Structure formats: structure tokens, C-alpha cells
Amino acid sequence: IVNDSLHEIGVVTDRQPDFENVEFSTVSGCSYIGKHKTSKNARMCHALIIDIDAVDVTKLRNIIGLAESKLIPMPTAITVSGNGVHIVYMLSEPVPLYPAKAKMLSDLNAMLTRKLWNERTSFDPNIQYQGIVQGYRTVGTPTKKGHLTRAFKLSGKVNIEDLISSIDEIDIAPFLKPENGEI
């Protein structure tokens with residue numbers, strides 16, 4: 001559990017005594033109330049994080065090029081944690097996770113995943129959608145391959161409205177379901 005001081009992150013990444021045998025730790029873009037990291041206890045969303053697997057240096061350059069060309073929103077940071085990357089959008093204002101807002105953020109996260117995960121950015125054609133409370137390897141802890149998880153800052157925080165406006169009709173189409181169930 002990480003508190004406001006963030007002291008706990010250093011304890012884990014510095015492998016202090018209680019954590020010297022811990023293989024890795026995870027952190028999500030949400031904060032929680034209570035002792036357990038569950039969807040029910042999620043209170044605020046501070047960041048949307050998009051996971052993309054099967055990324056090499058060329059695919060990573062493509063992701064950055066798409067952002068520089070404004071074809072995708074410029075990420076706050078990109079985290080490299082093994083075989084893939086996490087595209088991090090730190091929100092300028094945390095979003096309270098009331099049920100309707102949590103659903104909206106989950107839908108937005110899925111649409112951003114669909115927009116970002118494609119043949120230019122991943123060797124894996126099978127898009128994997130993660131929830132907004134999904135935990136990812138903490139920066140400074142080991143990856144599956146034994147390297148350190150690293151993060152690279154690209155820009156500042158983003159407005160949720162800018163992320164929403166970056167979604168095109170083509171990004172929304174797979175999520176629309178006809179009312180009568182017919183296609």
C-alpha cells in the first residue's frame with residue numbers, strides 16, 4: 001500500500017529488508033480506500049494506462065511518431081516493462097470513480113487501447129483490453145526478463161476532454177451494439 005508520502009515505493013525499489021525477496025510490485029492509475037485493491041474500493045482515477053504487448057524499438061518509435069503527428073494523444077510517459085509498454089496518460093484532475101464515471105473511463109480506456117494497439121505499434125494482432133484498476137509493474141522493479149522497469153516522460157498531464165476528443169467514430173464502432181441485437 002502506497003500512501004501520500006510515496007515512501008513505500010522507495011522501500012520496494014531499494015529492496016529494503018522486508019522486500020529483498022519480492023520479485024516485483026504493481027501500481028495502478030487509481031487510488032483506493034480500505035486495505036484491499038479492489039474495483040469496489042477504487043475511489044479516484046489519476047491516470048489511464050494502456051498496455052501494449054509485443055513492442056520492439058521500431059514499434060516504440062512508431063508510437064512516439066504517432067503522438068508527435070497528433071494521430072494519438074501525446075502520452076505523459078511510456079513505461080517499458082519487458083515485452084511491451086504501458087502508455088500512461090496522467091490526468092490533470094483525478095476523476096471520482098462513481099459507477100457512471102467508472103463506466104465512462106473504462107469505455108474510454110478500451111477505445112484508447114483499440115486506437116493505440118495496431119499493426120504499427122505491436123507484433124501481436126490480438127488486442128488485450130485491461131481495466132482502469134489494472135496494476136502494472138512499478139518503475140524500478142524487475143521485469144519478467146530481469147531488466148528494470150523504466151519510464152520515460154514525454155509530456156505533462158492531460159485533460160480528460162482531450163482524450164475523449166481524440167476518439168474517432170472508427171474507434172467507437174466496435175463498442176456500439178444494436179439495440180435489437182442484430183448486426
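Student: Where is Leu-112 found?
Tutor: Look in helix H3, residues 99–116. Helices (H or I, at least four residues) and strands (E, at least two) are DSSP runs, numbered from the N terminus. Bear in mind that this is a predicted model, where local features need pLDDT of at least 70 and side-chain atom pairs count only at pLDDT 80 or more, while totals for chains, interfaces and linings use all residues. Residues are numbered from 1 along each chain as its sequence is written, and side-chain values use heavy atoms, with hydrogens and water left out.

Student: Is Leu-112 buried or exposed, and what makes it so?
Tutor: Buried means under 20% relative accessible area, exposed over 50%, and partly exposed in between (1.4 Å probe, protein chains only). Leu-112 has 0%, so it counts as buried. Other buried residues of H3 include Leu-105, Leu-108, Asn-109 and Lys-115.

Student: Which residues does Leu-112 touch, and what counts as touching?
Tutor: Contact means heavy atoms within 4.5 Å. Leaving out residues up to four places away in sequence, Leu-112 touches Leu-48, Ile-50, Pro-73, Leu-163, Ser-166 and Ile-167. Take Ile-167: 55 residues away in sequence, with its C-alpha 7.2 Å from that of Leu-112. Across the protein, residues 24 or more positions apart account for 68% of the contacts with a separation of 6 or more.

Student: What makes a set of residues a nonpolar core, and which members of the largest one touch the most others?
Tutor: A nonpolar core is a set of buried Ala, Val, Leu, Ile, Met, Phe, Trp, Tyr and Cys residues joined through side-chain atoms within 4.5 Å. The largest here has 30 residues, and Leu-48, Ile-52, Ile-63, Ile-87, Leu-105 and Leu-163 touch the most other members. Strand E3 (42–52), helix H2 (57–68), strand E5 (85–96), H3 and helix H4 (160–165) each supply at least two of its residues. Apart from that one lies another core, of 5 residues, including Ala-47 and Val-88. As background, nonpolar side chains tend to be buried together in soluble globular proteins.

Student: Which contacts does Ile-63 make, and why is it called buried?
Tutor: Ile-63 belongs to helix H2. Its relative accessibility is 2%, so it counts as buried. Beyond residues up to four places away, its contacts include Ile-52, Val-55, Ile-72 and Ile-87.

Student: Why is E3 described as largely enclosed?
Tutor: Of its 11 residues, 8 are buried, so the rest of the structure largely encloses E3.

Student: How do you know that E3 pairs with E2 and E5?
Tutor: Two strands pair if DSSP finds at least two bridges between them. E2 (residues 30–32) and E3 share 3 bridges and run antiparallel. E3 and E5 share 8, again antiparallel. Both counts meet the cut-off, so these strands pair. Within these pairings, Ser-31 stands opposite Met-44 in E3, and Asp-51 has His-86 in E5 as its bridge partner.

Student: What makes Lys-59 a charge sitting over the ring of Phe-123?
Tutor: The rule wants NZ of Lys or CZ of Arg within 6 Å of the ring centre and within 35 degrees of the ring normal. The charged end of Lys-59 is 4.6 Å from the centre of the Phe-123 ring and sits over it.
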